[in-house]
Amino acid sequence: APQDYFDAAPTFKQSYAPQSGEIFGILKQMQETMEKDLAEITATEEAAIKDFEAMMAAKAKETESLGGAIEAKTERLGKVGIEIVELKEEVSDTTKAMEDDKKFL
């Protein structure tokens, strides 16, 4: 069959069908998929950032409110502590007066 080889048409004269079109199609599809995924991920991240900022604002308000409550309760605790000391002194004075009255009677 060497004769068949020599009788065949030269390969450089045969038409060439490039395969790069299919590869470009696959690459284009991959790019579109990645761009769509990036847009979805970016939107999700932006929503998460907005939620986080809203939560931080709410927590800041809550912290401020609770700080005021702590200050009010600390002030009240101080006043109650003073009242307790004054009442103890009053009890002591009353007890002493009662003992003096018993001695007198």
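Q: Hi! Which helix do Lys79 and Glu75 lie in, and how many residues apart are they?
A: Lys79 and Glu75 both lie in helix H2, four residues apart, which is about one turn of the helix. Helices here are DSSP runs (H or I, at least four residues), as strands are (E, at least two), and both are numbered from the N terminus. This is a predicted model, where local features need pLDDT of at least 70 and side-chain atom pairs count only at pLDDT 80 or more, while totals for chains, interfaces and linings use all residues. Residues are numbered from 1 along each chain as its sequence is written, and side-chain values use heavy atoms, leaving out hydrogens and water.

Q: What do Lys79 and Glu75 form?
A: A salt bridge, with their closest N and O atoms 3.4 Å apart. That term means a side-chain nitrogen of Lys or Arg within 4 Å of a carboxyl oxygen of Asp or Glu.

Q: Is Lys79 buried, exposed or partly exposed, and why?
A: Lys79 counts as partly exposed because its relative accessibility is 48%. Buried means under 20% relative accessible area, exposed means over 50%, and partly exposed is in between (1.4 Å probe, protein chains only). Glu75 is partly exposed too, at 48%.

Q: How many salt bridges does the structure hold?
A: Two. Glu62 and Lys59 also meet through their side chains, at 3.5 Å from N to O. Both lie in helix H2, three residues apart.

Q: New topic: which residues form the nonpolar surface patch?
A: Ile23, Phe24, Ile26, Leu27, Met30 and Met34, with about 630 Å² of accessible area together. Patches take residues with over 30% relative accessible area and no salt bridge, joining like charges within 9 Å and nonpolar side chains (Val, Leu, Ile, Met, Phe, Trp, Tyr) within 5 Å. Areas come from the Shrake-Rupley method with a 1.4 Å probe, and for residues only the protein chains shown count as cover.

Q: Where is Leu27 found?
A: In helix H2, which covers residues 20–104.

Q: And which residues form the negative patch?
A: Glu83, Glu86, Glu89, Glu90 and Asp93. Asp and Glu count as negative and Lys and Arg as positive, with His and the chain ends not counted. A charge is placed at NZ of Lys, CZ of Arg, CG of Asp or CD of Glu.

Q: Last one: how many helices and strands does the chain have?
A: Two helices and zero strands. Buried residues make up 0% of the 105 residues.
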